[in-house]
Structures are given as C-alpha cells and as structure tokens.
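These are my notebook entries on a single protein chain. I wished to look up how its parts are paired and held to one another.

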Amino acid sequence: MSDKEVILTQDGLKKLEEELENLKSVKRREVAERIKVAIGYGDISENSEYEDAKNEQAFIEGRIITLEKMLRNARIINNDEIDIDTVSIGSIVTVEDVEYGDTMEYAIVGTAESDPLQNKISNESPVGKAILGKKKGTTVEVNVPAGVIQYKIIDIKK
C-alpha cells in the first residue's frame, strides 16, 4: 500500500485502532506462545505446527504494518463536514432502482472501511462514484457487469 490518503469516518477509525490494538496486544502473544509450544515438539524442519505459527506471525506483522500506515495517512471525516444537500463521504443515502422500484440505503465510506454486506460502499465503487456529489432527486446511471442500472437519490442524511 502506498502513502495514499485513507479516508475514514469516526467509526472506521475506531475499528482500525481496535484491530491494531488487538493484533499488537493479543494476537502477537498468542502466536508467540504457539511458536514456543511448537519448538518444544523438537525438530522444526518437519514441524507443521511451527510452520503454521510462523506463517500466522508473518500475516499478523504484515497487517500491523498496513494498519499503522493507514492510520498515519488517515483523513477523518467529521460529522459536521457531511453535507445533507449533496452526497459525500459519510453520507447515508437512500436510492431507488428506477426499473424495479427497490430501495436501498448505503453509507458512503472510504475504501478502507467499505463492507458491502453491511451496506457500506466505497466512494470509489461504481455506485459510490455515480452518486457522489449529486443532490436528492437526481437520477444516475451506474455501469455494472450486467449492464446499466438507474438509481434515483431519494434521501441524504448524516
């Protein structure tokens, strides 16, 4: 990951800080204990427990480095910065599928905290890009693999 600015909401910042703290204080200790136990089994050249623990340790250390870099380059979106007249990062937007009439509510977040299963979509996703900067009542077209979907922005809130 380069030194690219990472846009986070207050909730996103809190979650990343909690994950980093957990990795540093809990997971590091757990994996160190697993390595110690595996070394106790003897010859580490053919010890799968040792290999697994070392691989997990490498993953944890890599994730810690990634999280620290993300937090160092974070730009936090405060609630007062969120405009309810136009869609921006931090907005909660209700859109309606023009063709089928289905409505969905999305929170627009930075890529670091996007989670489509929780309806948190990135400002860089196709839908996020299409609605960013638009006003309530606007209809946008979103290019998706299945074709083009039209969404009408029904509501914007914080």
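**Entry 1: strand pairing.** I began with the term itself: two strands count as paired if DSSP finds at least two bridges between them. I noted also that the model is a predicted one. With that rule I looked up strand 3 (residues 92–97) and strand 4 (residues 103–109), and I found them paired in the antiparallel sense over five bridges. Within this pair, Ile-92 has Ala-107 of strand 4 as its bridge partner. The two strands form a hairpin with five residues between them, and Gly-101 takes a positive phi near 80° there.

I then followed strand 4 to strand 5, where the pairing is parallel and rests on three bridges. Strand 6 and strand 7 (residues 147–157) run antiparallel and are joined by six bridges. In that pair, I noted Val-140 opposite Tyr-151 of strand 7.

Entry 2: In what order do the five strands of the open sheet stand? I read the order as 5-4-3-7-6, and the pairing is mixed. Strand 5 (120–122) and strand 6 (139–144) are at the edges with a single partner strand each, so one side of each has no neighbour in the sheet. From one strand to the next, the twist averages 45°.

**Entry 3: helix 2.** I next checked the length of helix 2. Its 25 residues, at 1.5 Å a residue, should span 36 Å, and the C-alpha atoms at its ends are 36 Å apart, which agrees. At its N-terminal end I found a cap: a side-chain oxygen of Asn-47 lies 3.1 Å from the backbone nitrogen of Glu-49.

Which residues of helix 2 are buried? I listed Tyr-50, Ala-53, Ile-60, Ile-64, Leu-67 and Met-70. The parts that cover these buried residues include strand 1, helix 1 and strand 2.

**Entry 4: salt bridges.** A salt bridge requires a side-chain nitrogen of Lys or Arg within 4 Å of a carboxyl oxygen of Asp or Glu. By this rule the count is ten. I looked up three pairs.

The side chains of Arg-75 and Glu-5 form a salt bridge, with 3.2 Å from N to O. Arg-75 lies in strand 2 (residues 74–77) and Glu-5 in the segment before strand 1 (6–9), so this pair ties together parts that are 70 residues apart in sequence. Arg-75 is partly exposed at 33% relative accessible area, and Glu-5 is partly exposed at 45%.

Glu-30 and Lys-27 meet in a salt bridge at 3.7 Å, N to O. Both belong to helix 1 (residues 10–40) and are three residues apart, which separates them by about one helical turn. An α-helix has 3.6 residues a turn, so residues three or four places apart point the same way. I recorded Glu-30 as partly exposed at 39% relative accessibility and Lys-27 as partly exposed at 30%.

Arg-34 and Glu-56 form a salt bridge at 2.1 Å, N to O. This pair links distant parts of the chain, with Arg-34 in helix 1 and Glu-56 in helix 2 (residues 48–72), 22 residues apart. Arg-34 has a relative accessible area of 37% and is partly exposed; Glu-56, at 28%, also counts as partly exposed.

Terms used:
Residues numbered from 1 in each chain as written. Heavy atoms only, no water. Helix = DSSP H or I, 4+ residues; strand = E, 2+ residues; numbered from the N terminus. Buried < 20%, exposed > 50% of the residue type's maximum accessible area, 1.4 Å probe, protein only. Expected span 1.5 Å × (residues − 1). Contact = heavy atoms within 4.5 Å. Polar contact = N/O pair within 3.5 Å; in protein donor to acceptor, adjacent residues only side chain to side chain. Axes fitted to C-alpha atoms, helices over the stretch in contact; angles between N-to-C directions.
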